[in-house]
Amino acid sequence: MKIDGLKFCVIGGGIGGLASALALRQRGADVTLLEQAPALTEVGAGLQISENGMCVLRALGVEGQSVGQKSDGTVIRDYRKGRVISRLPGPLAGPTFYFHRADLLNLLHEAARKAGVAIRLGARVTALRKHPNEAEIVLETGERIRTECAVAADGGRSIIRPTLNGPERPEFTHQVAWRATIPWQLGPDAITASLSMGPGRHVVTYPLRDQSMMNIVAVEERSDWREEGWKLKGDPDDLRARFAGFGGPVRDILSKVAEVKLWALFLRPVAQSWQNGRLVLLGDAAHPTLPFMAQGACLALEDAWALVRSFDDQSGVTSALAAYETTRRPRAQQVVAAAGANAHNFHLRGPARLAAQCALMVAGGQLSRRFEWIYSHDVTA
Ligand SMILES: Cc1cc2nc3c(=O)[nH]c(=O)nc-3n(C[C@H](O)[C@H](O)[C@H](O)COP(=O)(O)OP(=O)(O)OC[C@H]3O[C@@H](n4cnc5c(N)ncnc54)[C@H](O)[C@@H]3O)c2cc1C
């Protein structure tokens, strides 16, 4: 089906929303993007994009390499003194890149704007209704927009998802993530992520931009949390106290943290229903995931391309959205499950931890290949 001139409304200006708006516009669709925030800003934080996401950026003509740092792999460390347990090479599928989120969002935003996507900021959607051949979007201001297809890319706390799936209670995963960036001066070392694993907690760090910045994600198991939401202000001294058992490079890095955000990781399952023939979910709105495979944004990029591709192969909007759901749901379920399993693997205690360290020492390279099915998935092929 040709989508030239077909009217699409994308709700949400995150990575999934911007990528899908751009992909649809490149095929000639008439695309409006509605973002609730008054500006497309992003807190200082990093994002790893593996080859399955990078191939979508390339297909969209977005030169991610220009602002990302090409990774040389991952160093796994024991938490106490930072002893290196294993050096894992990058995926065979192709290198991963480390991005400052704001840089990647800017690239997508600029490309979408230049391609002719109408981007409306400060446009908060409050409801969505289906009509026989249209979707009707209601904005906070009372304005109503009719469109032939609505793409809900409004994130893990999507207000559109209940339209298709009814009310759902998010589940607290008992994981809390601290996130910060610090100024950094990397030596002549390779550009790697460092994963330090301790009982019930882990810390991931990797360099950003021209390596002048270090990204930090520190995750701990906790039970004392009720509030779903992110970008809560944290106390750097509290962070240091909670990760006081970590030595080596992590201690040095944490000592430089001046500002930190933290949030509890709440999760909804992969949505049962992704579309109704006129409205479709994309990205975290369809399949929120724990960050332990660094795949949420990569999946959102895959979704964006797969959505547009589904129109090529089908004769109408309804069948295109059904085909998109059929191809994307199993993939999202598998990746989300892998990320959930890693939460356990990263935080092992006692003998299980020692056994895992031995396995990583002996066969780390081979073990890292078990996720090749994630990275080699090329939706643009
Ligand atoms: C600690 C952490 C680390 C991560 N690291 C990685 C990583 O390394 N690699 C990776 O691939 N993924 C990573 N992720 C996951 C990734 O951040 C998300 O999966 C990804 O950002 C989802 O993109 P999205 O476009 O679906 O949603 P979002 O980025 O959440 O964007 C949703 C947008 O919709 C807007 N919106 C919401 N409601 C409305 C409304 N009612 N009306 C209008 N606009 C609305 C929001 O303002 C927002 O701009 C990480 C996540 C966390 C928590």
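Two strands pair if DSSP finds at least two bridges between them. Strands here are DSSP runs of E with at least two residues, helices are runs of H or I with at least four, and both are numbered from the N terminus.

Hello everyone! What we have is a predicted model, where local features need pLDDT of at least 70 and side-chain atom pairs count only at pLDDT 80 or more, while totals for chains, interfaces and linings use all residues. Residues are numbered from 1 along each chain as its sequence is written.

Let's begin with the strands. E13 and E16 pair in the antiparallel sense, over nine bridges, and Trp178 stands opposite Ala218 in E16. Strand E15, residues 201-208, also runs antiparallel to E16, joined by eight bridges. Four residues lie between E15 and E16 in their hairpin, and Arg209 in the turn has a positive phi of about 50°.

How many of the nine residues of E16 are buried? Seven are, so E16 is largely enclosed by the rest of the structure. Buried means that 20 or more other C-beta atoms, placed from the backbone, lie within 10 Å of the residue's own.

Now to helix H3, residues 101-115. Its buried residues are Leu104, Leu107, Leu108, His109, Ala111 and Ala112. An α-helix has 3.6 residues a turn, so residues three or four places apart point the same way. Just after H3, Gly116 takes a positive phi of about 105°.

Key
A residue is buried if 20 or more other C-beta atoms lie within 10 Å of its own, exposed if 12 or fewer, and partly exposed in between; C-beta atoms are placed from the backbone.
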